[in-house]
Amino acid sequence: MRSNDNDLVGVGATPEGLGTKPVVYDLLYELPWISSDSLQAKPDAWLSEWVRCRYGQQSSEVEEAWQLLLQSSLDCRSNLQGPVEAVTCARSSAHTDRISTWGGTEIFYDYTLVARAARLLRSARLSGSNYDYDLTDITRQTWTDSAFHLLKSIQAYHAAGLPANARPVLT
C-alpha cells in the first residue's frame with residue numbers, strides 16, 4: 001500500500017463490531033496517512049493526541065488507562081478465531097467453555113490491567129458522550145472478565161468435589 005503514496009485514494013474496512021473499540025478504528029483509518037516510522041518511534045505521542053481529540057482535553061489518568069488497555073485486551077497476539085465471549089451471556093452451567101460455535105471464553109490478557117484501566121478512567125471524572133461510552137464499555141469488560149475468573153474458581157471447586165456451600169474466591 002505504501003509503494004506509491006500518490007495512488008492511495010482512500011481506505012475502508014468491513015468490521016463486524018464497528019464502534020466497540022473506537023481507538024482501533026481511529027488508528028486503522030489513520031494509518032495510511034501517517035508514517036509508520038513515526039508511529040513506531042512514538043506510539044505514546046499518537047495515543048496522547050488521540051486522548052486529547054477523543055475527550056477534548058489531556059488527562060494523564062486516561063492516557064495511562066489506554067496504555068494499560070493497549071498492553072492487555074487490545075493486544076491479541078494469538079490466532080484467535082472469533083471473539084472472546086462473556087460467560088455472563090451463556091446459559092447457566094458449571095461447565096461453560098463457550099457461548100457460540102465460533103467464539104471462546106478464554107481470556108488472552110491480564111484482566112487485572114483492564115480493571116486498573118477502568119479505575120483510572122473513572123478517577124479522571126471527565127464528561128461527554130465519548131467518555132461515558134468508554135467508561136461504560138471498559139467497566140463492563142472488567143465485570144465480565146471477573147465473571148470469567150469466578151466461573152473458573154467455581155469449576156475448580158466443583159472438580160475438587162467440594163461441598164456446594166463452599167465459597168469460591170477470585171484469584
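**Salt bridges in the predicted model**

Asp137 and Arg140 lie three residues apart in helix H6, a separation of about one helical turn; helices here are DSSP runs of H or I with at least four residues, numbered from the N terminus. Residues are numbered from 1 along each chain as its sequence is written. The model is predicted, so that local features need pLDDT of at least 70 and side-chain atom pairs count only at pLDDT 80 or more, while totals for chains, interfaces and linings use all residues; side-chain values use heavy atoms, without hydrogens and water.

The side chains of Asp137 and Arg140 form a salt bridge (2.8 Å, N to O), a term that denotes a side-chain nitrogen of Lys or Arg within 4 Å of a carboxyl oxygen of Asp or Glu. Asp137 is buried, at 11% relative accessible area, whereas Arg140 is partly exposed, at 36%. Buried means under 20% relative accessible area, exposed over 50%, and partly exposed in between, with a 1.4 Å probe and protein chains only. Through salt bridges with shared partners, Lys21, Asp137 and Arg140 are joined into one network.

Five salt bridges are present in the structure. One of them pairs the side chains of Arg54 and Asp134 (2.7 Å, N to O). Arg54 belongs to helix H3 and Asp134 to helix H6 (residues 129-159), so this pair ties together parts that are 80 residues apart in sequence. Arg54 is buried, with a relative accessible area of 14%, and Asp134 is also buried, with 2%.

Within helix H3 (residues 43-55), Arg52 and Glu49 stand three residues apart, about one turn of the helix. Their side chains meet in a salt bridge (2.5 Å, N to O). Arg52 is partly exposed, at 36% relative accessible area, and Glu49 is partly exposed, at 37%.

Key:
Helices (H or I, at least four residues) and strands (E, at least two) are DSSP runs, numbered from the N terminus.
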